[in-house]
Amino acid sequence: MARFVIGTVSEIPPGSRRIVTVARRSIGVFNVSGRFYAIKNVCPHQGAPLCEGQVTGTTRTLWTSEGPRLEWCREGEIIRCPWHGWEFDLTNGDTVFTSRNRVRAYAVSVESADTVDDPAERSTPSVAEESRDGIKLETFPVEVAEGRVIVEVDS
Amino acid sequence: MRVDAGIHPRVKSATHLQDYMGSPWKTRRLPGSDSYLYPPPRSIADSTNPSEVGRVLFAEGGLDRAILIPCTRGLLPDPEHGSIVASATNEWIAQEWLANNEYAERYLGTIRVCPSDPPRAVEEIHRWAGHAGFVQIGVPLRGHIPYGSPVYYPIWEAAMAHNLPVVVHEDGGQGIELPPTMVGFPTTYEEYYATLPYAAGAHLASLIGEGTFERCPSLRFVWADGGFAGVFAALWRLDKDWRSARVEAPWVSKPPSAYLGKHVWFVLHGLDRTREPADLAHLFEIFGASDRVMFGSNFPEWDAWGGLNSRDFSEDVFNRVMGLNAERLYDLARPTSKARRT
């Protein structure tokens, strides 16, 4: 596991992202409300640069007697692929839709300089796993130390 | 069991339906059943007499059961009038076809309802659902609002409550429906007839896209105008883009074609094949359709056909299409506690 410093916390404020190439892989690091997540910059559908997509929210169904209604939710936690609009959950690499496809996700953790010695306060790195339907993005652990954002990638 | 899922009985005279209406409807004139913009070229038989039809279908034809889909008169401008026609149709079928003839036990009826009048449609379903002879709800293929619209929820929920499938078939006569094709009125009968099944694809896209099958998890539809292969192919297209469109319709919780399994059946028509009859077996395989396609002759229309040739199919597929699928869908083998009343 190699560690790459990809910037400082102040350079990637909440709601922004930084796309970097480390260990020959293009990876997007996202600051979602102060927590950092990293995913591979490849859409599992057709290989589009997923991390260039729109960071947004998504819809869920509210059933009424007059039929289904749209409800907006998870603002800032969802990325939509720039090519075909497939939706992924930035916080864990899952698809928003159910599917039999599979994308690789990488865990990302962020640690601040003053908590780096307190494991209990670290964000838990998520590990690439199968999502409920098979498609899952590759995610990478992200750590923040001394105000720097560090991504861990298998080299 | 050999089952024909598409038999069209007719009233013996233009005004016979009025005999089953109360006042003031019995004296209100109806558009004739022959006021049809696209009348079939001919009929091969007279289907007004249950004994005579039964002799052809059961005694000579070897069928065990026949599912009756009586046509009504198209979508009438007055929805209540439409419901009165549907109600009289059900009364006529119950009294003359499901009883009072020597083949009554072999005929199975369709509860006709007028979908532009949901409250009366629901009443009509409750009225007949306890009658063992009626095995499904019938609505016309054409109208003004696709069947996925929430305006139809009460009808579909009543069908579910009685565990009855809904059959959709092009109606007899011309009412105030939209044109039979999406591009307007065709010129000839042939154009009309060949493109008719595509309306089933439009309704199905609506039922899936508007979440009706999510809302009505045990709702079952039977598309009785044939053309299953074209409709299945249209669903592939829905599958292609549903992930991208999910944000607009999050209630579509799975690939659209995945809704077929629990919800969709087709009546197979004679023209649903290539020139080579055996290709049909291949089509069944491509679409995984051999357990959701049911033989229907379309008797007594000009294109009525006798069903699959057993030489072209495995015994298993032949038996499913020619009876077993209908037997399962309509639960025909189960001894019924429902009464056949007249």
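How closely do the axes of helix α2 (residues 79-97) of chain B and helix α3 (residues 118-128) of chain B come, and at roughly what angle do they cross? In this predicted model, the two axes come within 10 Å and cross at roughly 15 degrees. Because angles under 35 degrees count as roughly parallel, α2(B) is roughly parallel to α3(B). The crossing of α2(B) and α3(B) is right-handed. On the side of α2(B) the contact is made by Glu80(B), Ser83(B), Ala86(B), Ser87(B) and Asn90(B), and on the side of α3(B) by Arg120(B), Ala121(B), Glu124(B) and Trp128(B). Sorted by type, the residues of this contact between α2(B) and α3(B) are three nonpolar, three polar and three charged.

The axes of helix α6 (residues 198-209) of chain B and helix α8 (residues 228-245) of chain B come within 9 Å and cross at roughly 35 degrees, and the crossing of α6(B) and α8(B) is right-handed. From α6(B), the residues Tyr198(B), Ala200(B), Gly201(B), Leu204(B), Ala205(B) and Ile208(B) meet Gly230(B), Val231(B), Ala234(B), Leu235(B) and Leu238(B) of α8(B). The residues of the contact of α6(B) with α8(B) comprise nine nonpolar, two polar and no charged.

**The sheet of chain B**

Chain B also holds an open sheet of eight strands, in the order β1-β2-β3-β4-β5-β6-β7-β8, with parallel pairing. At its edges stand β1 (3-7) and β8 (293-295) of chain B, each of which pairs on one side only, and the twist from one strand to the next averages 30 degrees. Within this sheet, strand β4 (residues 134-140) of chain B is joined to β5(B) by four bridges, and these two strands run parallel; in that pairing Pro140(B) stands opposite His169(B) in β5(B).

**Chain A**

Chain A contains zero helices and eleven strands, so that its pattern along the sequence reads β-β-β-β-β-β-β-β-β-β-β. Of the 155 residues in chain A, buried residues make up 41%. Among the contacts in chain A with a separation of 6 or more, 58% are accounted for by residues 24 or more positions apart.

One sheet of chain A is open and is formed by three strands in the order β1-β11-β10, with antiparallel pairing. Because β1 (2-8) and β10 (142-145) of chain A stand at the edges, each with a single partner strand, one side of each is left without a neighbour in the sheet. Neighbouring strands of this sheet are turned by 30 degrees against each other on average, direction ignored. Six bridges join β1(A) to strand β11 (residues 148-153) of chain A, and the two run antiparallel; Phe4(A) stands opposite Val151(A) in β11(A).

| Strand pair | Bridges | Sense |
|---|---|---|
| β1(A) and β11(A) | six | antiparallel |
| β4(B) and β5(B) | four | parallel |

Is Arg17(A) buried or exposed? Arg17(A) lies in strand β2 (residues 17-22) of chain A, and it has 20 other C-beta atoms within 10 Å, so Arg17(A) is buried. Not counting residues up to four places away in sequence, Arg17(A) touches Gly28(A), Val29(A), Phe30(A), Cys51(A) and Val55(A). With Gly28(A), the separation is eleven residues in sequence and 6.7 Å in space, taken from C-alpha to C-alpha.

**Where the chains meet**

The two chains are in contact through 15 residues of chain A and eleven residues of chain B. On the side of chain A that touches chain B, the elements that give two or more residues are β5 (54-64) and β6 (67-80) of chain A, and β5(A) gives the most, with four residues. The residues of that side of chain A divide into four nonpolar, eight polar and three charged.

Methods
Residues numbered from 1 in each chain as written. Chains lettered and ligands numbered in written order. Predicted model: local features only at pLDDT ≥ 70, side-chain atom pairs only at ≥ 80, totals over all residues. Contact = placed C-beta atoms within 7 Å. Nonpolar A, V, L, I, M, F, W, Y, C, P; charged D, E, K, R; others polar. Pairing = 2+ DSSP bridges. Axes fitted to C-alpha atoms, helices over the stretch in contact; angles between N-to-C directions. Parallel < 35°, antiparallel > 145°, perpendicular 65-115°, else oblique. Left-handed = near helix turned anticlockwise from the far one by under 90°. Buried ≥ 20, exposed ≤ 12 C-beta atoms within 10 Å, placed from the backbone.
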